Amino acid sequence: MRNNKYTISDVAKQMGVSRATVSRALSNAPGVGPALRQKIIAYADEIGYRPNSIAKSLSTGRMNTIGLIYGDVRNPFYADLTYYMQKAFDRKGYAVMVFNSEYSVEKELEFIRMAEEFCLAGLVLFTAQTNMEEANFKDVGIPIVFVNRSLAMEQYDCVLMDNFKAGYIAAMHLIKLGHRRIGMVKGNALSSASMLRFDGVEQALKNCGLTLLPEDVWSGDLKMPTGYAMAKRFFEQPSRPEGLVISNDMMALGFIDYCNEIGVKIPEEISIVSFDNIIFSGIHGIDLTTISQDVQTMGEKAAELMLERIENPQGECKKIILEPTLIVRRSTRAYKE
């Protein structure tokens, strides 16, 4: 049990050092030798002293907490990102606070305001949309890093997959298997990732003399129930694509669920490729062909950008682009008449 009767002054007095030295030692900040740091940590553990993060934030104007804004925290892709980012932040003494926006611009802007009021050290946005204007961010007083989103603002750090290339690879995989009529279930129309994936699919078809027909394109919201609903609409069509690109694994799982319900065989009757490579994609019986985003690298690089920005607020902004990787499983196969 934590003992609240001891203060940082008690630790400093016992160690014969200043309170600032104790603070640096316990937060793993530079400026304290290894031997002294270990002695301070050992004594603090012995008496049960833990820094009061709220009091510290009042004195420094910043909590050692990073805010993460997601569109849907239920998505396993975001859970994996959180896992790797939290590990990276934890090594530097930072905690994380998660906000769930439900892909609402209004909620995301409200969470940005709240993050400032809470004196968070920084904010990572995963679902920023293209209609979020620069004016929404220019007066924000804490560092911001964008993940897998690219807005028309060069003054912010970001890490993202090459979403155009990912869409291109997904479509080319189906084309190489002999599919000629290919459809797509897009994500949010205001998502830069969704738009770029769509552009990549369209370009791949164009390069091969094929056309993405308007009636073969649907807009979704990256959620599993939407994939299920899209599948219903898909099979109501008298004439359908034989290959389908779906903008994320969650919608693809919903689509596959409906196929199983009505007895449609995958890939015998339709080939499906999607994006994210979430943990459920490789389960036997699902075996989803998907584009991997290398979630570990994405999470670690996002944390790295944030920590660098906290230490050097005026440093040059960085844009890290990760290569997509096609993971071929059993939801796609060569087209047969």
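Predicted model: local features only at pLDDT ≥ 70, side-chain atom pairs only at ≥ 80, totals over all residues.
**Close-up views of selected loops, strands and helices**

Figure 1. Residues are numbered from 1 along each chain as its sequence is written, and side-chain values use heavy atoms, with hydrogens and water left out. Leu222 lies in the loop between E7 and H9, and its phi is near 75°, a positive value in a residue other than glycine. Helices (H or I, at least four residues) and strands (E, at least two) are DSSP runs numbered from the N terminus.

**Figure 2. Helix H9 and its buried side.** Helix H9 comprises 13 residues, 224-236, which at 1.5 Å a residue should span 18 Å, and the 19 Å between its end C-alpha atoms agrees with this; the expected span is 1.5 Å times one less than the number of residues. Buried in H9 are Thr226, Gly227, Met230, Ala231, Phe234 and Phe235. These residues cover an arc of only 165° around the axis, which puts them on the same side of H9, the arc being that of the directions from the helix axis to the C-beta atoms. An α-helix has 3.6 residues a turn, so residues three or four places apart point the same way. The exposed residues Pro225 and Glu236 are carried on the face of H9 turned away from its buried side. The buried residues of H9 pack against strands E6 (182-186), E7 (217-219) and E8 (243-246), and against helix H10 (249-262), with contact meaning heavy atoms within 4.5 Å.

**Figure 3. The packing of helices H5 and H11.** Helix H5 (residues 76-90) packs on helix H11 (residues 295-311) at an angle of about 45°, with the two axes 8 Å apart. That angle makes H5 oblique to H11; angles under 35 degrees count as roughly parallel, over 145 as roughly antiparallel, 65 to 115 as roughly perpendicular and the rest as oblique. Axes are lines fitted to C-alpha atoms, for helices over the stretch in contact, and angles run from 0 to 180 degrees between N-to-C directions.

**Figure 4. Pro267 and Asp276.** The peptide bond from Ile266 to Pro267 is cis, with omega near 10°, and Pro267 is placed in the loop between H10 and strand E9 (271-276). Asp276 is located in strand E9 and has a positive phi of about 120° although it is not a glycine. At 8% relative accessibility, Asp276 counts as buried.

**Figure 5. Helix H7 and the glycine just after it.** The 14 residues of helix H7 (residues 163-176) reach 20 Å from first C-alpha to last, close to the 20 Å expected at 1.5 Å a residue. Its buried residues include Asn163, Gly167, Met172, His173 and Ile175. Just after H7, Gly178 takes a positive phi of about 100°.

Notes: Buried < 20%, exposed > 50% of the residue type's maximum accessible area, 1.4 Å probe, protein only.
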